[in-house]
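I opened the model to look up its sheet and a few of the elements around it. My notes follow in the order I made them.

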Amino acid sequence: MTEKKILAVFGATGQQGGSVINQLVSEPAASLPNISQFHLRALTSRSLPISSASSIPLEQWYRLIGSSPDTDTDNNTTNNTTNTIQVTPQVDFHTPSTLLPALKDVHTAFIMTTPSFAPVTSDDPNSSKEFLAVQNILSAALAQKVDTVLFSTLPNITELSSGKYTHVTPFDDKARAEAYIRSLHPQIKSAFLSLGFFMSNWLTQGFLAPRYDEDTDSWVMRLHVAGGTGIPLVDAGRDTGKFVAAILERGVDGTGETVLAAEGVYALDGIAEVFSRHTGRRVRYEQVTVEEFRETGLKGFPESLKDVLVEGYSALEEFGHAGKETGALVEEGKRLVRECGLGELVSLEEFLKKEGYVLGEGPRSKQWGS
C-alpha cells in the first residue's frame with residue numbers, strides 16, 4: 001500500500017482549521033481519490049495533554065479540544081472512528097523551533113494566520129506581525145521540503161482602491177503574504193483560499209448585531225454604507241473545509257489559483273430581512289453618517305481599529321469585496337464545491353438556525369485559530 005502524504009493544518013482548533021479537519025474526515029471527502037491520499041496532522045498553539053507529534057484516534061482528538069464534527073447533515077457525517085490523526089501542540093508562528101518539527105515530512109500545508117489589527121508603525125509594511133509569521137512558516141516549509149501550501153488570504157484593499165483606502169491592514173497584510181508565497185514558486189507550489197466575511201461576525205462583533213430601537217419598536221443594524229452594499233458571506237466554521245477539500249481534490253498545479261469562498265453575496269438590507277425571518281421580529285438596516293458610526297457604533301474602540309472598520313466597509317461599498325467580479329468569483333467557488341460532491345454550503349438563515357441565534361444576546365467568542 002502506498003504511504004499516505006501528510007497534510008498539516010494550521011489553526012486546527014479554530015474556525016478555519018477545525019472546518020478543514022472536520023471536512024477531510026467526513027465520508028464524502030474521504031471517498032475522493034486525491035483526498036484519500038492524505039493523512040492529517042493537526043497543528044495548534046494550544047497546550048494539550050499529549051506528547052509532541054502524537055498519533056491519536058479521532059475520537060480522542062475531539063475530546064481533547066472539547067468539540068465534535070458537525071453531524072447534522074448527511075454530507076458531514078463521519079464514519080471513521082478507527083482513524084487516527086497526528087497532533088502537534090504548542091506550535092508558535094513566531095518560534096521557528098516549533099515550526100520545523102511541525103512540518104517534518106509534510107507534503108501539503110493549509111496555512112491560516114491570525115490577523116493583526118494594529119496599525120503599521122514601520123516604513124516597511126512587511127514588518128507586520130502577520131507577515132513575519134508567514135515568513136517564518138514558509139522558511140520552515142522550505143527547509144522541510146514541503147511540496148504545496150494552501151494559504152488563507154484576502155484582497156489587497158490599498159491596491160483595489162488605487163490607494164484611496166490604506167488602513168485596512170488585516171486584508172493588506174494577508175495579500176502581501178500571498179505575494180510573498182507566490183514569489184517562492186517553483187520552490188514550493190501554492191494555491192489560495194480567499195474567504196468572504198464570516199457569518200459568525202454577527203455573533204462576535206457587537207457593532208454588527210441588531211440593536212433594539214424603542215422609537216420604532218424594531219431592531220436596527222447600523223453602518224455608514226448604503227443598504228444595497230453586497231457582502232460575500234461564509235460559514236467559516238462549517239464550510240471552509242469544503243472549499244479546501246475541493247481545491248485539493250482538483251489538484252494544485254502550482255499556478256497560484258485563488259478560490260473565493262462564500263455561500264452568496266448578501267446586501268445589507270437582505271441580511272436584515274434574513275434576521276427578521278429567523279427571529280420573527282422586525283429587523284431593518286439603517287445607514288448612518290461616518291461620524292455616527294465611528295462615535296456611536298464603534299464607541300470604545302481604539303482609533304486605529306475604527307480606521308480599519310470605517311475604511312473596510314467603505315471600500316466594500318465602492319469597490320466590492322474582490323472588485324467588480326466578486327459575484328462571478330463566488331459562483332465559481334460554489335461550482336467547484338458542488339462538482340466535487342461535497343454538499344451544499346450553509347446559508348445565512350441556516351447558520352442562524354444552527355447557532356440558535358436570539359436577538360439581544362451578547363457577543364459570542366469565536367476563535368480565529370490556534
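**E3 and E4.** I began with the pairing of E3 and E4, which is antiparallel and runs over four bridges.

**E4 and E2.** Next I asked in which sense E2 and E4 pair. Strand E2 (residues 38–43) and strand E4 (residues 84–88) are parallel, with three bridges between them. In E4, Val87 is the bridge partner of Ala42, and Thr88 is the bridge partner of Leu43. I also checked how covered E4 is: four of its five residues are buried, so I put the strand down as mostly covered.

I then traced the order of the strands. Eight strands make up an open sheet, and I wrote the order down as E3-E4-E2-E1-E5-E6-E7-E12. The pairing in this sheet is mixed. Which strands are at the edges? They are strand E3 (54–57) and strand E12 (258–261), each of which pairs on one side only. From one strand to the next, the twist averages 25 degrees.

**Helix H1.** I looked for what lies across the strands and noted helix H1 (residues 15–24). H1 lies across E1 (5–9), E2, E4, E5 (106–111), E6 (148–153) and E7 (189–195). Its direction is at about 145 degrees to E1.

**Helix H7.** Helix H7 covers residues 169–183, which makes 15 residues. From its first C-alpha to its last H7 reaches 21 Å, close to the 21 Å expected at 1.5 Å a residue. Is H7 mostly covered or mostly exposed? I found H7 mostly covered, with 11 of its 15 residues buried. Among the buried residues I listed Phe171, Asp172, Lys174, Arg176 and Ile181.

**Confidence.** The mean pLDDT of the protein chain is 92, and 92% of its residues reach 70 or more. Over residues 72–82 the pLDDT is below 50. Beyond near neighbours in sequence, that stretch has 26 contacts in the model. Where pLDDT is low, the predicted coordinates should not be read in detail, so I left the matter there.

Methods:
Residues are numbered from 1 along each chain as its sequence is written. This is a predicted model: local features need pLDDT of at least 70, side-chain atom pairs count only at pLDDT 80 or more; totals for chains, interfaces and linings use all residues. Side-chain values use heavy atoms; hydrogens and water are left out. Helices (H or I, at least four residues) and strands (E, at least two) are DSSP runs, numbered from the N terminus. The expected span of a helix is 1.5 Å times one less than its number of residues. Buried means under 20% relative accessible area, exposed over 50%, partly exposed in between (1.4 Å probe, protein chains only). Two strands pair if DSSP finds at least two bridges between them. Axes are lines fitted to C-alpha atoms, for helices over the stretch in contact, and angles run from 0 to 180 degrees between N-to-C directions. Contact means heavy atoms within 4.5 Å. pLDDT is the predictor's confidence in each residue, from 0 to 100.
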